[in-house]
Amino acid sequence: MARKTRTTEIELDHKSDMSSMIDLVFLLLIFFMVTATLIDYKKDDRVDIPIADNAEKPEGGISNRVVINILPDEEADDGRYAKEGGDSITLDEIKVLLMDRDEANGEEPIKLHVRGDSTAGVRHYKRLLKTASEAGISQSIFSTYQTAKGG
């Protein structure tokens, strides 16, 4: 007598609940948004940045930069130069600021980030760069707006 083997087919439910996966994705997104360091870069509205055809974005982040604004003639009543926050600053104060930041920074060099107005004369840039050189700063970045590629 032959035994009949009974084959049972088990239907597997291949549907999976995606709601927990979506929750996980949103949690990761919120985590990275909260823990990411935000770049806080204050622009001085008094400075009209010039446009340059060959402008390039500088490499690296904005860390280790000291931002100095060169104000236009009509805004230069209190002083020609201003710190990132908008406070007026003299060349002697800039020199001390750069030397202090360079000394506190250690091995990585400080960069001078110049945001000059498009109407400011070249002599103001020269004075600022000479002051930076006297403070031991050899790297400078000049802010410009980039024109559209191809015209």
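In this predicted model, β5, α3 and β6 together make a right-handed β-α-β unit. The two strands of the unit, β5 and β6, run parallel and are joined by four bridges.

Of the contacts with a separation of 6 or more, 71% are accounted for by residues 24 or more positions apart. Buried residues make up 26% of the 151 residues in the chain. The chain exposes about 11900 Å², of which carbon and sulfur atoms supply 53%.

The sheet may be considered next. Strands of a sheet pair through backbone hydrogen bonds, in either a parallel or an antiparallel sense. Here, five strands form an open sheet in the order β4-β3-β2-β5-β6, and the pairing is mixed. Because β4 (88-89) and β6 stand at the edges, each with a single partner strand, one side of each is left without a neighbour in the sheet.

With β5, strand β2 pairs in the parallel sense over six bridges, and Val 67 stands opposite His 113 in β5. With β3 (residues 81-83), strand β2 pairs in the antiparallel sense over three bridges, and Asn 69 stands opposite Ala 82 in β3.

How much of β2 is buried? Six of its six residues are buried, and the strand is thus described as mostly covered. Arg 65, Val 67 and Asn 69 point one way from β2, whereas Val 66, Ile 68 and Ile 70 point the other way, and all are buried.

Ile 141 is found in β6. Because its relative accessibility is 14%, under the 20% limit, Ile 141 counts as buried. Leaving aside neighbours within four places in sequence, Ile 141 is in contact with Pro 58, Arg 65, Lys 111, Leu 112, His 113 and Val 114. Ile 141 and Leu 112 are 29 residues apart along the chain, and their C-alpha atoms are separated by 6.1 Å.

In soluble globular proteins, nonpolar side chains tend to be buried together. The largest nonpolar core in this chain has 16 residues, and those with the most contacts inside it are Leu 98, Leu 112 and Leu 128. At least two residues of this core come from each of β2, α2 (91-105), β5 (111-116) and α3. Which residues does Leu 128 contact, leaving aside its neighbours within four places in sequence? The contacts of Leu 128 are Ile 68, Ile 70, Tyr 81, Leu 91, Ile 94, Leu 112 and Val 114.

Helix α2 has 15 residues and reaches 21 Å from its first C-alpha to its last, close to the 21 Å expected at 1.5 Å a residue. Just after α2, Gly 106 takes a positive phi of about 85 degrees.

Helix α3, which spans residues 122-134, includes His 124. Is this residue, His 124, buried or exposed? His 124 is buried, because its relative accessible area of 5% is under 20%. Not counting residues up to four places away in sequence, His 124 touches Ile 70, Arg 80 and Tyr 81.

A loop also holds a buried residue. Ala 55 lies in the loop between β1 (51-52) and β2 (65-70). Its relative accessibility is 9%, so Ala 55 counts as buried. Beyond residues up to four places away in sequence, Ala 55 touches Thr 144, Tyr 145 and Gln 146. Ala 55 and Thr 144 are 89 residues apart along the chain, yet their C-alpha atoms are separated by 6.5 Å.

Note on methods
Residues numbered from 1 in each chain as written. Predicted model: local features only at pLDDT ≥ 70, side-chain atom pairs only at ≥ 80, totals over all residues. Heavy atoms only, no water. Buried < 20%, exposed > 50% of the residue type's maximum accessible area, 1.4 Å probe, protein only. Contact = heavy atoms within 4.5 Å. Areas by Shrake-Rupley, 256 points an atom, 1.4 Å probe, with all protein chains shown as cover. Core = buried A, V, L, I, M, F, W, Y, C linked by side-chain atoms within 4.5 Å. Pairing = 2+ DSSP bridges. Right-handed = clockwise from strand over helix to strand, strands pointing away. Expected span 1.5 Å × (residues − 1).
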